[in-house]
Amino acid sequence: MAFLTVMLWFVLSLFFGANYKRSHYAYRLDIDIVNLDNGPVGQAIVDAIMDIPPSKTLPTWRLNTDIATTDQAREYARKYAWGVVLINSGLSNSLSSALSTGAEYNSSAAITLMAGEGRHPMARLFVIQSAMPQTVGSVATQYAIKQLSEYRAQISGESQSTANVQALLNPIGWTTERVGFYSFEISPILLPLGMMAMFVCVLVPTMMLKFGSYPAYKTTKHRHIYFFLIAIILVLCLIYSLFGALAFLAYKGPEYYNLQQGLPVTGGRFFSLWMCYALTLIPMALWIKALTILIPPAFAAIASILTLIPNTLSGMVSIDLCPSFFIWFHGLPFYQGGALARYVISGNYPKIGQCLGILFGETVFSLFLLYASTLVQQHLVHTGVVDHLGNYRGTDAYQGSQFNKKSVSDKSAEKQSERLLEKGTDQSQETNFVSDAVLIVDDHTLVSQAAMRNETVIV
């Protein structure tokens, strides 16, 4: 118990390590700047943003010259980028006309901020959501001060100004556009805590099956045991993943078309979410079953602790904001399954091939591991290394002598019954016979009873 407690807190310490100096890794997140204005105002904004000194607590600004339209910028933000600062076309002409003729001017149409919500809500909340408006606001203030000073110097000799006051005092504004629909409030519920609840439901019957399957290794072929375990795990994963998809449907309903909590729920999207959950649970369940087969009952919880806590943590934190040690989180099923589910819900960051490839590879590896574990376990049971509860020989909990004795006794009794039956058939013509029936009491004591003439021998 003390060992399990230490192991539990050791694994839980990963949470604190993953969140250590989280803000110091903000520079790993890139925000693209797209200039569609191609005028002096747009270029001044680009220069002001790119001249910001690099800092570990700020995202990295990157000028993207491959995007030519607003639709392309929107699609790029949805699929690839953490965020996009789009300087809209015609900004320089609109501002120049407002300053010279007093034409109407909408400062909020100068810049559009685009952020994909579904790539990872935690990174968006702690870095992207605050960095983009703060940076653009600071640049806009600097530009407004500079413009006002230049304008005052330009009209110092004139008696009256015709400039649009709004354009003069607040030339640069912005609007925020959602390119994905994944509200932060569903993140800790759906991913990863929802998957954790589903996996625990699969884990409990899988662990119960551990303590009742050892006698089957004595009489059942290995391939039958192997395929039976696979079938049980598949059924459990499909059932509880369906419950998880229904839970999300119930959470979002009755407003199934409410974009605040994701894209509209259709039959295809519901089935996709169900399969995302199932494909995440299957390799984990196979992995856990393969490990727990060979682990003694007293330490069976170790496999669960070492599997469940890191996987849950990988879905709770953004790996880009974690120390480099946690790069291995990318290979965990919860991380890949979570990315798939977020894409299904929000439409952001479609890494379908990568996620499915990793989950498929982990499933194949877990299948091979389960095959090897069941094969080794059957050998250990037949040789008496483990007892009917999975305890190893040499431990205090080992009950193998009674388990194996019972097995040998049953076989000896069957052979003795066959010999008595054959002997009785051969001597059916005789009226008198004497037979000996041997009863095995333990490993070292034999008691012989003589069956007298015309008496029934009870074995």
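Residues are called buried under 20% relative accessible area, exposed over 50% and partly exposed in between, with a 1.4 Å probe and protein chains only as cover. The model is predicted, and local features need pLDDT of at least 70, side-chain atom pairs count only at pLDDT 80 or more, and totals for chains, interfaces and linings use all residues. Residues are numbered from 1 along each chain as its sequence is written, and side-chain values use heavy atoms, without hydrogens and water.

Met316 is partly exposed, at a relative accessible area of 32%. This residue belongs to helix H11 (residues 300-316), where helices are DSSP runs of H or I with at least four residues and strands are runs of E with at least two. Together with Phe15, Phe16 and Leu193, Met316 makes a nonpolar surface patch of about 370 Å². Such a patch joins nonpolar side chains within 5 Å, from residues with over 30% relative accessible area and no salt bridge (a Lys or Arg side-chain nitrogen within 4 Å of an Asp or Glu carboxyl oxygen).

In helix H3 (residues 70-79), the buried residues include Ala73, Tyr76 and Ala77. They lie on the same side of H3, because they cover an arc of only 100° around the axis, taken from the directions from the helix axis to the C-beta atoms. Among the elements covering the buried residues of H3 are strands S1 (30-35), S2 (60-63), S3 (83-87) and S4 (111-115).

The structure holds 0 disulfides, a disulfide being a pair of cysteine sulfur atoms within 2.5 Å. The sulfur of Cys355 is 8.6 Å from the closest cysteine sulfur, that of Cys276, which is too far for a bond. Cys355 is buried, with a relative accessible area of 2%; Cys322 is also buried, at 1%.

Key:
Patches are made of residues with over 30% relative accessible area and no salt bridge: like charges are joined within 9 Å, nonpolar side chains (Val, Leu, Ile, Met, Phe, Trp, Tyr) within 5 Å. Accessible areas come from the Shrake-Rupley method with a 1.4 Å probe; for residues, only the protein chains shown count as cover. Contact means heavy atoms within 4.5 Å.
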